[in-house]
Amino acid sequence: MSTTPQGSTSNQDEITLGTTTTTTTTTSTVSQQEHTAINDGSDSRRHEAFDLPISKKFKSFTTLIRNGSDPTSMSSNCNTANLVEAMEHTNGEMNCNGKSENNNSQHTTTSQQMAGVFEHQTSTSSMKTPEIDEGLYSRQLYVMGREAMHQLASAHVLISGMRGLGVEIAKNIILGGAKSVIVHDCGNVEFADLSSQYYFTESNIGQNRAEVSNKHLSDLNNYVNVTFSSATVDDAFLQKHKVNVYVLTDADLEEQLKVGKHCHEHKIKFVNANTKGLFGQIFCDFGLDFEVIDTNGENPVTQIVTEISQDEAGVVFMSTDTRHGFEDGSYVTFHGVKGMTEVNEREFKISVPSPYTFTIGDTRNYGVYEGGGTVTEVKKPERVNFKPFAESLKDPELLVCDFAKMSMPANLHLAFQAFARFKQQYNSPPKPWDDGDADKFLEIVEKLNTENREQPLTDELNKHWIKLFAKTCTGDLCPMQAVIGGIAAQEAMKAVTGKFMPIRQFFYFDAIECLPENVFLPSNEATTESPTVVNLPTKSSRYFSQEIIFGEDFQKQLGKSKYFVVGSGAIGCEMLKNFAMMGIGCSEEGYVYVTDMDSIEKSNLNRQFLFRSWDIGKMKSTVAAEAVKAMNSRMNIRAYVDGVLPETEHIFNDQYFEDLDGLVNALDNVKARQYIDRRCVYYQKPLVDSGTLGTKASVQVVVPFLTESYSSTNDPPDPSVPMCTLRNFPNLIEHTIEWARDNFAGLFTIPAQQAEEFMRGAKEFAERTSKNHSEYDKTEIIENVKRILGSGRPNSFSDCINWARHLFEQQFHNTIAQLLFNFPRDHVTSKGERFWSGNKRCPHVLKFDVNNPLHLDFVVAASNLLAHIYQIPQTRDRELIAEQVAKIHIPEFKPKAGVTIHENDEQMRADSDRQKNITAMRKNGQSANDIEIEQLLDRLPTPEQVVSIKIQPHEFEKDDDTNFHMDYITATANLRAENYEIQTADRSKIKRIAGNIIPAIATTTAMVTGLVCLEVYKFIQNHKKIESYRNGFVNLALPFFGFSEPVPPKRQKYLDKEFSLWDRFEVQGDMSLEAFIEYFRREHKLVPNMVSAGMSVIYSPHFMRQGSKAQDMKRKISELFETVTKSKIPPHVRSLTLDMLCDDLEGNDVEDVPYIKYTFR
């Protein structure tokens, strides 16, 4: 078996490496995880392991070595002696390209020699598992899980073919963190490659594809050993490099069959990926008895147990508030059940008779259930068998992705085979847009459909689709490579991790709707317009392969387009890359704008591939713009660092939006997306919105007048946890984490901010506090300020330790003791029911133990957080802190009678309403308010007492492991969990929940941006039919692909006219109110009886003063607007948005009418 990609000039008879070939595998990136020998004076751009210099808020390289471990033994497969020997041999520092940094070195080491050293290192086994750099991989870790990440970090992946598809797959796998990646190609760069290979420029033409790609890919992830090769791949090659995943791209069918056979026989996981114009193909063969450890990627379901019966089929009852979510036949395990302790930590196969109960088998011999406990789903692995490529080719298992085109996979299965036979028969692929070749191609497909088969592969052979395939198959589109490359890379990760269900076994994807509507629609559905004639490329250019599909004229339209990319994070980076390859904004008239308010952080580097470690701290949009400009120097791009918000409408004003051709959202929050959506509706601009959540992704197309808008439908709000549950009755670890996060803000952020506000202006602070808060809140605010600025504030770190120890006692002992005093363990409600039952877990107090690491964690974190507020030098010396905290005397706590503890949220609301009523009664006049302000000031320190105090509040930052924020929240959440006998969580889970981290992975991001850009093609072609567009939802874990037509906008009606959210009344010129009313009476047969702008009423005859009515009727609308709003209209505003209530000419109410765009400038 050997492989030589298309365009190769290598001799397929070669079977050895480094002898008969002139180019061999060359080490290009030193894996930081494996080969850590960095001098203190090293070039930080090359060796910082994605960390900032020490002056920044990130750990220096040395702090990556945990628990004092030797830097030369960080990985599981690092041979220290060989590494030291290699470093001595170079007599200098080795950089990422395996070259000596010391130009005066008397010894040199070739890249081949270094590769040999590294291969020897990786062959040395170790029992130690390499640590995962959570600072870099945190978002992906929440997708893959720790075990799968370790498996991925041991993968050796070969990717053959470095055109657009191959480099996309390589980029995603390298970002994901494989152990080693070999990029392979025997061919040289051609003009045809430039349409989608973003690491190629015209200056690279004639150079080896793998070598050019490697120079860029090696910068993506210092933990991955990236090498390149142009040698023949044979069995010796695969064994030498320990390849366990073989990704083959853009190979001839004969080569696919050879590689597929070899991989199946030698138990090498095989992923075969190809694109032909607007069509893509993926095939997976992971061998026999492949174990999938997680079939769906969902977190295990956990529910609260409220009762377990003693029956032959024991029934488990849970809260009736929500459906439990368990499936019949699944497995569960129990934790913390009282009484019926036999069920704890055991697995049970369940039957599900109802959405609120399930049965676990015979429980008659178990103890009586007394209370408490949780039940959690146990995920079971699934075994899957794969057929080899040749067998699957004859008897394919096809995954459907577009249910409107059910027969498309079978048609494409034949078309991809026909492509190979056509080339074999006619010595070249079908010519672009050639009817004669398309007819010949169809003949081959028709023959293949019945050849060597008892029944045709498909009874729904679509001649139109087949001919379109033949006419466009030699084209090459970057968005198609992004879609197929993202999916294929995820499949390669599944192959080595067993995480998520693989594709079984063929997946086909098409985007024929990107063609002009009168081309992709069958002749009986085509528009009445004349058929489009594609102007095939007449000269070589960057867009040559794209022009094969769409023609030169359309390429000019792309170049002239003006697009706005809102956000330059993970989706934004991929979007800009795609735009650069498509040529959007790459002519003199075109432009691409990008904006992002954020700066680059270390955790971004795992997905946002335009950024490098030396970019940390810089603005995302600026760096992204520079990076894509390097990919395509013709791209006109401007970067903003402003949010697109109401406050920035003077920047992104009327003129700005009116000049745009369209927008794409790359945002991570609903509120911002809804604002952009409203802007697009107002300016009638097309928008594609997209988002990801781990392996899930969605795309929504918003087309003026054709579809609903993004804001037309909303996801249901996340279920909220009752406040009483958080405060007094938690029963899940999520509850204790949320409580810990609020506790952090209540101790270390809000009080210090309130104190700062007071120090800036005591009287103004008292006025705001008096006006806007209840009596309870005022007392709390005053106590916060007094605590922060009062005489009891700490003056030394010893004071901070003392405060932290008392805080532990208050939160985990005294508060719980008071709760149990109010509601003893045997407390019974007025209805005769046990109080501590159902969702209420009976807690117990914690007694501080200095030898308990979790107890000491809390004190260390709390004392350091307090020290930071007062700028007291911090310390991490746990022994010192433990020694001091052991000496602190804590007085015995005695619960008090008369303390109110709310049992539920209704009681809390009633108490809050009572407080508000008291406050309202006291605010009965200005003089009373003045008195209250003076009373507040009397309760606070004087400005003279606090003028010398310097404080700095904490702003929660989850990704800085040096600031003690997550240390405190982790310790607090787990200590409170111990109070209530809730199963504790690791730091990673707590960080995800407390930091509201959205799981993310590069594969999903790459795929979804490809889908977005395919829709942009349609925008620029001005598609008119709603069936031409595709909304999409994808879950790569299942895998599931669902595409559908967008939803049309809701239609309403006034008089005899229909309208939707896209329609409005357009009024040009600044009119008097009188002329405005007459205009609507004359032009629209409507009589306005109220006109408003937002909450301000401009015209209402019932409320106008009679003396000024005649005068107001003569005033301009803009003047009236300024009068009622008491503000000047900013110079950048050219139009107002007005709403009106109106009657028809007969005086009948007209209920709903469109809004008014009133352009007065």
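Helices (H or I, at least four residues) and strands (E, at least two) are DSSP runs, numbered from the N terminus. The model shown in these views is predicted.

**Overview. The chain has 37 helices and 34 strands.**
Of its 1161 residues, 56% count as buried. The accessible surface comes to about 50,300 Å², and carbon and sulfur atoms account for 48% of that area. Among contacts between residues at least 6 apart in sequence, 74% join residues at least 24 apart. A search of the whole structure finds 58 salt bridges. The count of disulfides comes to zero.

**View A. Tyr710 sits in the loop between strand E24 (696-702) and helix H22.**
Tyr710 has a relative accessibility of 13% and therefore counts as buried, the cut-off being under 20%. Neighbours within four places in sequence aside, the contacts of Tyr710 are Val670, Arg673, Gln674, Asp677, Asp689, Gln700 and Val702. One of these contacts is Asp689, which is 21 residues away along the chain, with 7.5 Å between the two C-alpha atoms.

**View B. Cys724 carries an active-site annotation in UniProt.**
The feature "active site" is placed at Cys724 by UniProt, in an unreviewed entry. Cys724 belongs to helix H22, which spans residues 723-727. Its relative accessible area is 2%, so Cys724 is buried. Beyond its neighbours within four places in sequence, Cys724 is in contact with Phe729, His902, Glu903, Asn904, Asp905 and Met908.

**View C. Helix H13 (residues 463-472) is largely enclosed by the rest of the structure, because seven of its 10 residues are buried.**
The buried residues are Trp465, Ile466, Leu468, Phe469, Ala470, Lys471 and Thr472.

Side chains of opposite charge can pair when their charged atoms come close. The side chains of Lys577 and Glu168 meet at 3.0 Å, N to O. Lys577 lies in helix H18 (residues 570-582) and Glu168 in helix H6 (residues 164-176), so this pair ties together parts 409 residues apart in sequence. Lys577 is buried at 0% relative accessible area, and Glu168 is buried at 1%.

**View E. Arg209 and Asp185 are part of a salt-bridge network.**
The side chains of Arg209 and Asp185 meet in a salt bridge of 3.2 Å, N to O. Arg209 is in helix H7 (residues 209-217), whereas Asp185 is in the loop between strand E3 (180-184) and H7, so the pair ties together parts 24 residues apart in sequence. Arg209 is buried, with 0% relative accessibility, and Asp185 is buried, with 1%. The network links Arg163, Asp185, Glu190, Asp193 and Arg209.

**View F. Lys405 pairs with Glu513 in a salt bridge.**
The N to O distance of the Glu513 and Lys405 salt bridge is 2.8 Å. Glu513 lies in the loop between E18 and H15, and Lys405 in the loop between E17 and H11, a link between distant parts of the chain, 108 residues apart. Glu513 and Lys405 are buried.

**View G. Five residues make a nonpolar surface patch.**
The patch covers about 480 Å² and is made by Phe403, Met406, Phe1033, Leu1038 and Phe1040. Phe403 lies in the loop between strand E17 (398-399) and helix H11 (408-426). With 49% relative accessibility, Phe403 counts as partly exposed. Leu1038 also takes part in a cis peptide bond, to Pro1039, with omega near -15°. Pro1039 is in the loop between strand E25 (1031-1035) and strand E26 (1040-1044).

Most residues other than glycine have a negative phi, and most peptide bonds are trans. The peptide bond from Arg504 to Gln505 is cis, with omega near -25°. Gln505 lies in the loop between helix H14 (478-497) and strand E18 (506-510). Glu345, not a glycine, has a positive phi of about 60°; Glu345 is in the loop between strands E11 (331-335) and E12 (347-349) and is exposed at 54% relative accessibility. Gln684, also not a glycine, has a positive phi of about 55°. Gln684 is in the loop between helix H21 (670-683) and strand E23 (687-693), and is partly exposed at 26%.

Technical notes:
Residues numbered from 1 in each chain as written. Predicted model: local features only at pLDDT ≥ 70, side-chain atom pairs only at ≥ 80, totals over all residues. Heavy atoms only, no water. Patch = residues over 30% accessible without salt bridge, like charges linked within 9 Å, V, L, I, M, F, W, Y side chains within 5 Å. Areas by Shrake-Rupley, 256 points an atom, 1.4 Å probe, with all protein chains shown as cover. Salt bridge = Lys/Arg side-chain N within 4 Å of Asp/Glu carboxyl O. Buried < 20%, exposed > 50% of the residue type's maximum accessible area, 1.4 Å probe, protein only. Disulfide = S-S within 2.5 Å. UniProt positions renumbered as here; feature names shortened; annotations may be inferred. Contact = heavy atoms within 4.5 Å.
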